[in-house]
Amino acid sequence: MPPARTGSPTSAGHILAILRDEGPLTRQQLQDRTGLSRATLVERLDVLQRLKLLRQVGHRASSGGRPAEMLAADDVGRTALVGDIGQRHATIAAVDLRGTVFGQVRRPLPAGHRPAETLSFLLDAGRRLLAEAGRADSLCAFGLSVPGQIDHDTGTTIAPPSMSEWRGVRLRDPFTDALSVPVFLENDANALAFGAYCEMNRPRAALVGVKVGTGIGAGMVISGRVHRGETGCAGEVGHIRIEGSDLRCDCGRRGCVSAIASGQAVIRTLRPTGVRSAEDVLRRVRAGHPEAVRVTREAGRLVGTVLATVVTIVNPRYVRVGGAIGVLPPFLEGLREVVLAGAHTSSLDSLDIGPCTLGVDTTLTGVAGLVADEVLAPETVDAMAAL
Ligand SMILES: [Zn+2]
């Protein structure tokens with residue numbers, strides 16, 4: 001019998017999707033969900049077995065007969081490298097498709113860091129991590145989060161103005177050439193939003209993720225997928241204008257919320273008190289320094305004015321805030337206060353606003369989740385099965 005047509009709701013790829021979504025399941029439960037005959041189901045499962053995408057995870061007691069085998073998607077046998085480039089850091093980790101981290105390296109970077117050096121750091125450190133974990137042979141994909149927009153057709157960055165060295169840099173080709181695996185790129189705020197969604201065990205609800213680090217960005221997860229928009233700039237909330245502000249933003253316009261409420265702006269406002277870096281802000285806010293707490297809360301309130309509109313339009317269940325500045329309690333308090341006062345009343349009924357719990361690692365969790373969704377997508381699996 002030929003493999004099921006790609007896109008068929010009963011193809012091997014779709015059975016894997018059911019197992020990822022609802023598993024572990026018994027053969028009988030899979031039959032009930034797909035309506036397939038026993039013989040056809042066995043053929044599909046054989047395909048998944050051959051591709052090393054299936055694993056048995058114990059038995060389920062059944063009344064009278066033999067205990068039934070429980071089947072699950074094998075998301076632990078393959079390995080991915082996932083990276084995150086920021087304005088002042090680069091991180092790389094080796095993970096399985098469930099997001100379990102085998103090893104991770106984070107390196108601080110100077111402002112204006114050069115693409116060639118940063119990319120070769122990611123590649124060298126990534127190879128080392130694979131070797132240390134003994135998983136070089138199971139590498140199946142590389143995922144990378146970067147600030148700014150991405151041209152997904154060419155695999156190049158459309159970097160933010162503050163990272164001009166990165167404008168138009170080819171990100172996909174160097175890793176495809178060096179590692180011979182598919183490479184997936186994602187905007188950092190989208191990756192953060194997807195990471196928050198994965199941290200919560202993929203709830204069936206819309207989620208908005210907001211990243212407030214050096215800059216400000218947001219991502220949306222709707223029906224289990226990142227909403228990128230037509231040109232990949234959905235969620236660029238940092239460049240929404242705040243009424244009454246005339247400060248110049250690094251995008252060239254005036255009055256953007258990024259210009260007055262990003263990490264960069266908070267550092268600038270606190271400079272007369274001796275603050276020089278995001279770490280200084282964190283230290284002072286944690287120590288309860290009144291001026292640092294006040295400025296951070298005010299930044300949260302300003303981002304809250306923008307987010308109130310986003311919440312009214314998207315009507316999410318969850319808002320998760322990440323980034324070095326975004327997770328600070330005064331920032332969150334200011335943001336929450338203004339969103340609750342400003343968003344449409346009905347959109348607040350089931351709204352849950354909170355910080356990303358994994359801190360800086362939420363972005364990597366998001367990249368790992370996005371890579372898993374690509375590698376294990378029904379279409380990808382059915383294409384592998386047809387080879
Ligand atoms: Zn701007």
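Is H239 buried, partly exposed or exposed? In this predicted model, H239 is partly exposed, with a relative accessible area of 26%.

**View A. Donors of the zinc ion.** The zinc ion is coordinated by ND1 of H239 and by the SG atoms of C249, C251 and C256, at 2.0 to 2.3 Å. The angles subtended by the four donor atoms run from 105 to 120°, so the arrangement is tetrahedral. For comparison, the ideal angle for four tetrahedral donors is 109.5 degrees.

**View B. The zinc site along the chain.** The spacing of the donor residues in sequence is H-x9-C-x1-C-x4-C. H239 and C256 both lie in the loop between strand 12 (225-226) and helix 7 (257-261), so the pair ties together parts that are 17 residues apart in sequence. C256 is buried, with a relative accessible area of 0%, whereas H239 is partly exposed at 26%.

**View C. The largest nonpolar core.** This core has 40 residues, and V281, L307, V319, F331 and V339 are those with the most contacts inside it. Elements that give two or more residues to the core include strand 10 (207-212), strand 11 (216-222), helix 9 (278-286), strand 13 (318-322) and helix 11 (329-342). Helix 10 gives the most, with ten residues.

**View D. Surroundings of V319.** Apart from neighbours within four places in sequence, V319 is in contact with V208, V210, L307, V311, L351, D352, I353 and G354.

**View E. A second core.** A separate nonpolar core of 34 residues includes I18, L54, V82 and L376. In soluble globular proteins, nonpolar side chains tend to be buried together.

Notes. Residues numbered from 1 in each chain as written. Predicted model: local features only at pLDDT ≥ 70, side-chain atom pairs only at ≥ 80, totals over all residues. Heavy atoms only, no water. Donors = N, O, S within 2.8 Å, 3.2 Å for Na, K, Ca; no water. Tetrahedral: all angles 85-135°; square planar, octahedral: opposite > 155°, others 65-115°. Helix = DSSP H or I, 4+ residues; strand = E, 2+ residues; numbered from the N terminus. Buried < 20%, exposed > 50% of the residue type's maximum accessible area, 1.4 Å probe, protein only. Core = buried A, V, L, I, M, F, W, Y, C linked by side-chain atoms within 4.5 Å. Contact = heavy atoms within 4.5 Å.
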